[in-house]
Amino acid sequence: MALLRPCPSIPSAPLPLPSSYPNSRNSIFLVRRFPSLVQSSHCRRSLFLPKATAAIDSQATASTVNGQDGLPKLLLEVKDLRAVVAESKQEILKGVNLVVYEGEVHAIMGKNGSGKSTFSKVLVGHPDYEVTSGSIVFKGENLLDMEPEERSLAGLFMSFQSPVEIPGVSNIDFLNMAYNARRRKLGLPELGPIEFYGYIAPKLDLVNMKIDFLNRNVNEGFSGGERKRNEILQLAVLGAELALLDEIDSGLDVDALRDVAKSVNGLLTPKNSVLMITHYLRLLEFIRPTYIHIMDDGKIVRTGDISIAKVLEKEGYKAISAM
Amino acid sequence: MASSAFTSSTFQSTPSIFSPPKIKPTPRLRVRPPKAALSDPFVLQLAETLEDSLSSSSSLSLPPLQKLREISSETLLSLSWPSRKDEPFRFTDTSLIKHSQVQPISNPNPNPDLLEVLEDTHFPKLVFVDGFLVNSLSQLSNLPNGVFVGSVSGITDERIVERVSEIVPMFNGDLFWSLNGVGAPDLVVVYVPEGCSVEGPLHLRYCSVEGSDDGSERLPVSNPRVLVVVEKGGELGIIEEFVGNDREKCYWSNSVTEIVIGEGGKVCHSYIQNQSLRAAHIKWTSVQQESSSAYELTEISTGGKLSRHNLHIQQVGPDTETELSTFHLSAGDQTQDLHSKLVLDHPRGYSRQLHKCIVAHSLGQAVFDGNVKVNRFAQQTDAGQLTRSLLLEPRATVNVKPNLQIIADDVKCSHGAAISDLEEDQLFYFQARGVDLETARKALTFSFGAEVIERLRYPTLRKNVKNHIKQLLDPTPG
């Protein structure tokens, strides 16, 4: 497969790249420019974004970060991110580097306690964690300067691993509030309950849910599968340029998983990206990632394609650290 | 589950993410030595003033009312005005009343403005103005045959008069109950005969029109009194709504409602207290439940400077069902107090109590004393009680004392108490979906009370209450 993007004069460097590397892009950047650095060739975007791929392949000019010339834009750039638990000051993230371009699907895998969920929570500004150093740039803006709701309005969406119950607030009211917050941000008139109902009713098909789902209180008494579907429904209603799916597959049976994966795939466009956190290959067979990252002890220690997940599934994390 | 004679209350208190609110856990009930039967000059004077104001009323000579006044006068002789040293008033300051010049209202003054406000429900309604039943404002057509609603003086059926006379002495209460008995200008009776079901709720609307301006010593008092009798197999829905005509006026509403539910009868009771924010509101609700009867109460109290609800439910037969849901909101410098007592003396009673309160003002206070007594013969009782309080401002105070007294040994009883600020996880969930913190706080605060509001049976009422609560929690629209 051809180089997706011509590379400026970057010497080939071993992975992972030291964080002090002068170039503004990190290891991922290098990986995709030097496919030979990963164990097997990856078929980037061939499943989801044939058009985008074609456009890129035909480009022979130098790449730009801002995506002029029809190239995919840089969406998220995390550099040497360190974060501690706010209360205990225990360090969880110990220098995470990650770059996501629009249209890409990334997956993060790793042992329990390696920092995967913390990473996604830090991205959306969860108050339980404090960032001690490093930077996160999302769509050219410093994410760390933004409140959680501003991050959401900027196009970042996280599906919670275990979404909280909110008794007394109906699902439709909750979605309506969230949707109107977005409309306000865009300078559009807010939708009243009736108009909103008209907007949302068709979206329910996406997640295969009945209409009475809307009148129930947010996550109250929802089964594991219903909670996950509800998260995806929210994603469908609110839209997002980068969706962080934190263990969207946990607690789901195969049918429910297929439904959820189908709706996620249905939401993917060449413009938006997904970062999923999972333990299992199964999800990755439904939502095909461009890159798989292995996280260990608060860092991304390895990046590759689906084959890495296959090795993992067969031989466990030992095999990965031995690679 | 438990068979101890007394269980003390449990507290779960999550620390506030903002400034820590003041939480005063209360110890167990103390047994106080009985008071010497000495007359309190203030109480006697008050009783006299009330009696004098009624000398002209004609229905007073009727046997049931006479009986009531006799019992009440007698008990008043040995009662003194409550102080903070008396357990039932330990956290509730009644000096607002004591330090005023209490003036009974002798003549109702139906304000024409009132009529407009009254057009909002289509239910049969009974209107009280300053404690007096006003027939011209009431609307009582379409009631089933045999149902009587009105002043005791209007009862033509001797059997009903007899039944009422029989019931009146069955109840008792505290000082305020007796003061009402002495000062009530009338006894309003709602009588539902055996097997009769009253469709659509009966709306009792208590309007307070007379009131003094803030700073004046004068405190006009009204003493409405209602007796509800639902005979065997009868069913009734009632809405009691207390409203102040002027949000700034000072007055004292001292009302008593007594309810008798016959075998297999059902009463669904909605109680909305929306008095002036400077008013004193003292309310008694006493219920007697015969075998297999059901009583359901949903209360929303938001008004009054001092609001106290005494709720007593006595089981007089087995297999009763009791469901109490109450929501108190202190959005201003006010006290909301619920003292509830549920006495179970017979087997297989089922009860559920949910009390929720929000204190959203630094000078606001909420008080809850919830007593459930499971006596010796009340085997296989299933009683549950839960109280949750939300303190939203520094120095906002809540005093809760859930208490179960269990003597029977084969029962299932539970109780719980939680006092907290809003849940951080829930707030973050809103934020993560793009909703700002302030909007999220409002939504969550409102939803806290919504659990109780949703239990109101009637959609129009539910909608009105919701709008009212929203307004109180967020006085600046937008």
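Over all chains, the structure holds 34 salt bridges, a salt bridge being a side-chain nitrogen of Lys or Arg within 4 Å of a carboxyl oxygen of Asp or Glu. This is a predicted model, in which local features need pLDDT of at least 70 and side-chain atom pairs count only at pLDDT 80 or more, while totals for chains, interfaces and linings use all residues; side-chain values use heavy atoms, with hydrogens and water left out. Residues are numbered from 1 along each chain as its sequence is written, and chains are lettered from A and ligands numbered from 1 in the order in which they are written.

**Stop 1: a salt bridge inside chain A**

Select A:Asp259 and A:Arg229. Their side chains form a salt bridge, with 3.1 Å from N to O. A:Asp259 belongs to helix H8 (residues 254–267) of chain A and A:Arg229 to helix H7 of chain A, so the pair ties together parts that are 30 residues apart in sequence. Helices (H or I, at least four residues) and strands (E, at least two) are DSSP runs, numbered from the N terminus.

**Stop 2: the six-stranded sheet**

Now show the strands of chain A. Six of them make an open sheet in the order E6-E9-E10-E3-E11-E12, with mixed pairing. Two strands count as paired if DSSP finds at least two bridges between them. At the edges are E6 and strand E12 (299–304) of chain A, each pairing on one side only. On average, neighbouring strands of this sheet are turned by 20° against each other, direction ignored.

Select strand E3 (residues 105–110) and strand E11 (residues 291–296) of chain A, which pair in the parallel sense over five bridges. Here A:Gly110 is opposite A:Met295 of E11(A). On E12(A), A:Met295 stands opposite A:Ile300. E11(A) and E12(A) pair in the antiparallel sense, over five bridges. Their hairpin has two residues between the strands, and A:Asp297 takes a positive phi near 50° there.

**Stop 3**

Strand E1 (residues 74–85) and strand E4 (residues 129–138) of chain A pair over eight bridges in the antiparallel sense. To find one bridge, select A:Val78, whose partner in E4(A) is A:Ile136.

**Stop 4: where chain A touches chain B**

Show both chains. Contact (heavy atoms within 4.5 Å) joins 31 residues of chain A to 18 residues of chain B. The area buried between chain A and chain B is about 1,900 Å², of which carbon and sulfur atoms give 68%; buried area is the accessible area (1.4 Å probe) that two parts lose on being put together, summed over both.

Select B:Arg433 and A:Glu231. Their side chains meet in a salt bridge of 2.7 Å, N to O, and the count between chain A and chain B is one salt bridge.

Finally, colour the elements of chain A that supply at least two residues each to the side touching chain B: helix H4 (148–153), strand E6 (156–159), strand E7 (166–170), helix H5 (171–185) and helix H7 (224–238). H5(A) gives the largest share of that side, six residues.

Terms used: Axes are lines fitted to C-alpha atoms, for helices over the stretch in contact, and angles run from 0 to 180 degrees between N-to-C directions.
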